[in-house]
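Welcome! Take a moment to look over the sequence and the 3D structure shown here, and then let us walk through them together.

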Amino acid sequence: MKSLFMTIAMAAALTACGHRASTGATTDTDSISIDSAKVEAPADDNSYIEVETVKFEKSDSTAEVSVLVQWPMKGKKVIVDSLKKHIRDLLGDDSIDSPKAIQAYGQSLFESQQEDWHSVYDEMEPDERMGAFSKTHDITLLTQNKNYVTYFYRTFSYGGGAHGYTTEVGFTFRKSDGKQIALLKNTNSRKLAKLLKEGVRRHFSERPDKPLSDEELLDFLFAEEVSSLNNLPLPGNSPYLSDTGMVFLYTQYEIAPYSSGIITFEIPFKDIEPFMTDEAKALIPKD
């Protein structure tokens with residue numbers, strides 16, 4: 001969790017490209033809605049979580065805000081309460097307790113972005129101003145089964161300047177007690193390092209049947225020598241579980257320049273299982 005908030009802090013300090021120049025006009029184009037999205041579950045299974053999708057969007061020439069949250073509405077209390085707390089932590093607002101509160105959060109965030117824009121650009125000439133300040137929060141239910149649920153978080157920030165910053169991270173929660181457990185052990189293993197290297201290679205290879213060579217892969221990373229590819233660090237943020245494996249995600253600037261984007265790949269359960277903790281192994285769905 002600590003690494004996540006360090007990443008988000010970095011995101012708040014950095015900036016984005018491609019925004020239009022602004023004159024300071026304040027013609028609003030609002031779109032605010034709440035939609036219900038029920039998670040399908042077996043009729044005889046009460047372990048599944050039902051969510052309500054809440055979406056807030058609002059923009060003018062100074063600010064653009066988008067908040068999308070899949071808020072847990074029904075399910076085992078211990079996991080529902082855990083997910084709600086986690087969503088509050090991600091948004092930095094302990095008062096959020098309902099879909100309506102998420103709407104209010106979006107409006108407050110929009111007004112904050114407006115204030116920040118004016119504090120920076122009010123004293124500048126119109127042609128010197130950058131685009132609208134932007135903030136996006138997407139918090140969605142990625143996957144779930146009887147044993148665990150994984151949520152995915154994507155946030156984007158732009159506060160003037162050359163370009164913005166995107167953060168993506170997933171979180172897996174055990175349903176029995178609502179906890180995030182350690183997923184990996186033996187993290188210094190050379191075999192695990194090889195799996196990471198091959199995962200990064202898959203991410204950048206356009207064709208599975210023609211993977212990049214080590215020399216070609218170096219062009220996308222901060223690594224300078226082929227030997228360094230065998231010692232790639234684990235991502236700063238913990239991996240998470242999908243339906244079929246464990247997903248690893250390197251944020252921007254972590255092992256590669258901004259132009260390489262966010263690096264994501266999945267290692268199937270059959271390959272990553274030797275490096276999973278006993279608690280994590282117990283979560284893997286059995287055929």
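This is a predicted model: local features need pLDDT of at least 70, side-chain atom pairs count only at pLDDT 80 or more; totals for chains, interfaces and linings use all residues.

## A word to start with

A residue counts as buried when its relative accessible area is under 20%.

Where does Thr166 sit? Thr166 is found in strand β6, which covers residues 165-174. Leaving aside neighbours within four places in sequence, Thr166 is in contact with Arg154, Thr155, Phe156, Gln252 and Ile262.

## The chain as a whole

Now for the wider view. The chain has 287 residues, and 49% of them count as buried. Its secondary structure comes to seven helices and nine strands. The accessible surface is about 14,600 Å², and carbon and sulfur atoms hold 50% of it.

How much of the contact total comes from residues 24 or more positions apart? Among contacts in the chain with a separation of 6 or more, such residues account for 61%.

In soluble globular proteins, nonpolar side chains tend to be buried together. In this model, the largest nonpolar core has 31 residues, and those with the most contacts inside it are Val200, Leu221, Ile263 and Ile272. Several elements each supply at least two residues of this core: α4 (190-204), α5 (214-218), β8 (245-250), β9 (263-268) and α6 (269-272). The largest share, four residues, comes from α4.

Setting aside neighbours within four places in sequence, Ile263 is in contact with Val200, His203, Phe204, Leu221, Phe248, Leu249, Tyr250, Ile255 and Ala256. Apart from this core lies another one, of 29 residues, and its members include Ile49, Ala63, Leu109 and Val149.

Strand β2 spans residues 50-59, and seven of its ten residues are buried, so β2 is largely enclosed by the rest of the structure. Its partner is strand β3, residues 63-74: ten bridges join the two, and they run antiparallel. A hairpin of three residues connects β2 to β3. Which residue of β3 is the bridge partner of Glu50? That partner is Lys74.

The loop between β1 (29-37) and β2 holds Asn46. Is Asn46 buried or exposed? With a relative accessibility of 67%, Asn46 counts as exposed. Asn46 and Gly75 are 29 residues apart in sequence, while their C-alpha atoms are 6.8 Å apart in space.

Three strands form an open sheet in the order β7-β8-β9, with antiparallel pairing. The edge strands are β7 (240-241) and β9, each of which pairs on one side only.

Between β8 and β9, which run antiparallel, there are six bridges. You can find Val247 standing opposite Glu266 in β9.

## Rings that meet

The model contains nine aromatic pairs. In one of these, the ring centres of Tyr121 and Phe133 lie 5.8 Å apart with the planes at 75 degrees, so the pair is edge-to-face. This pair links distant parts of the chain, with Tyr121 in helix α3 (residues 99-121) and Phe133 in strand β4 (residues 133-144), twelve residues apart. Tyr121 is buried, with a relative accessible area of 5%, and Phe133 is buried as well, with a relative accessible area of 4%.

Phe133 also pairs with Tyr158: their ring centres are 6.4 Å apart and their planes stand at 90 degrees, so this pair too is edge-to-face. Because Phe133 lies in strand β4 and Tyr158 in strand β5 (residues 148-158), the pair ties together parts that are 25 residues apart in sequence. Both Phe133 and Tyr158 are buried. Which residues do ring pairs link into a cluster? The cluster is made up of Trp117, Tyr121, Phe133 and Tyr158.

## A charge over a ring

The charged end of Lys175 sits over the ring of Tyr48, at 4.6 Å from the ring centre.

Terms used:
Residues are numbered from 1 along each chain as its sequence is written. Side-chain values use heavy atoms; hydrogens and water are left out. Buried means under 20% relative accessible area, exposed over 50%, partly exposed in between (1.4 Å probe, protein chains only). Contact means heavy atoms within 4.5 Å. Accessible areas come from the Shrake-Rupley method with a 1.4 Å probe; for residues, only the protein chains shown count as cover. A nonpolar core is a set of buried Ala, Val, Leu, Ile, Met, Phe, Trp, Tyr and Cys residues joined through side-chain atoms within 4.5 Å. Two strands pair if DSSP finds at least two bridges between them. Rings of Phe, Tyr and Trp (its six-membered ring) pair if their centres lie within 6.5 Å; planes under 30 degrees apart count as stacked, over 60 as edge-to-face and the rest as tilted. A charge sits over a ring if NZ of Lys or CZ of Arg is within 6 Å of the ring centre and within 35 degrees of the ring normal.
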